[in-house]
Every structure is written in C-alpha cells, then in structure tokens.
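Subject: Structure for you to look at

Hello,

Here is the structure I promised. Please open it and keep it beside this email.

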Amino acid sequence: MDDRRLTDWMEGYVRAWNSNDPADIEALFTEDAVYLTEPYAEPWQGRKAIVRGWLEIKDEPGQTTFRWEPLAVDHDLHLIEGRTEYHVDPPRNYRNLWAIRLDGEGRCSEFTEWWMKEPLPE
C-alpha cells in the first residue's frame, strides 16, 4: 500500500501537530473539509473551523510521539492505525483509528479520528 499522497499528508499532520502553526494545519485540508473529532460530537466544518478547533485543544510541541501504519486504502479513503505516546505527567498512551479522504492534490476533505486510552499497567 504505497501511496505517496498518504505518506506526505501524514508527515504534514505530524508536523502541524508539533508546530500548531495555522498555516501548517490549513495546508492539510480542503476549504470545505469536515473533521470529526469523536463519535457524536459536532464536526468542525471548513478549514478555518478546523484550525480554530485544533488550536483550542492543541498539544504542546514535544509532548507526544506518534507512530502509524496504513490498514487499508480504497481510492480516496485511507484507514490508519496509530499509537500516541504522551510524555507528560502522568504519561499515557492512546490507540487511534483514522479515516482520511484525500483529494487529487493530497488535501483532506474528510477526517475522522477515534481514539482510545490504553489502560494503565497493573
């Protein structure tokens, strides 16, 4: 599943995650993109709303390590499994499932993220 558009987009997402630069965030999405942050929550609709929502709940640079791998690709739809490690007190880990729809230019028109906190070791 070698899709350069996906790899470029994921690298851009991680860059934006670590920079919180509005230009980095905007570059990822189409003007009318939809970003679904969790089931049952109202999605962020449009590039400006995505930037605003992102910055309201941002992580600080260096707080996380993120690893990912593609699970499936079907035309414009890419399914990603990720793991996020937070290097803060207390440390915590999350598992992620992302559905990403990329247009022909490599911008995301629809992004859905589901995340689950890993249980702490006993």
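How do the residues of the lining of the largest pocket divide into nonpolar, polar and charged? There are ten nonpolar, three polar and four charged. Nonpolar means Ala, Val, Leu, Ile, Met, Phe, Trp, Tyr, Cys or Pro; charged means Asp, Glu, Lys or Arg; the others, Gly among them, are polar.

This is a predicted model: local features need pLDDT of at least 70, side-chain atom pairs need 80 or more, and totals for chains, interfaces and linings use all residues. Residues are numbered from 1 along each chain as its sequence is written, and side-chain values use heavy atoms, without hydrogens and water.

Back to the pocket. On a 1 Å grid over the protein atoms alone, a pocket is an open set of points where a 1.4 Å probe fits, with protein on both sides within 12 Å along at least five of seven lines; lining residues have an atom within 4 Å of a point. The volume, the space filled by probe spheres set on the points joined across faces, edges and corners, is about 480 Å³ for the largest pocket. Of its 17 lining residues, Ile57, Asp59, Tyr86, Glu113 and Trp115 are the closest to the centre. Strand 5 gives the most to the lining, three residues.

Now the strands (DSSP runs of E, at least two residues, numbered from the N terminus). Two strands pair if DSSP finds at least two bridges between them. Strands 5 and 6 pair antiparallel over nine bridges. Arg101 has Glu110 in strand 6 as its bridge partner. Strand 1 pairs with strand 6 in the parallel sense, over four bridges. There, Phe29 stands opposite Cys108.

Best wishes
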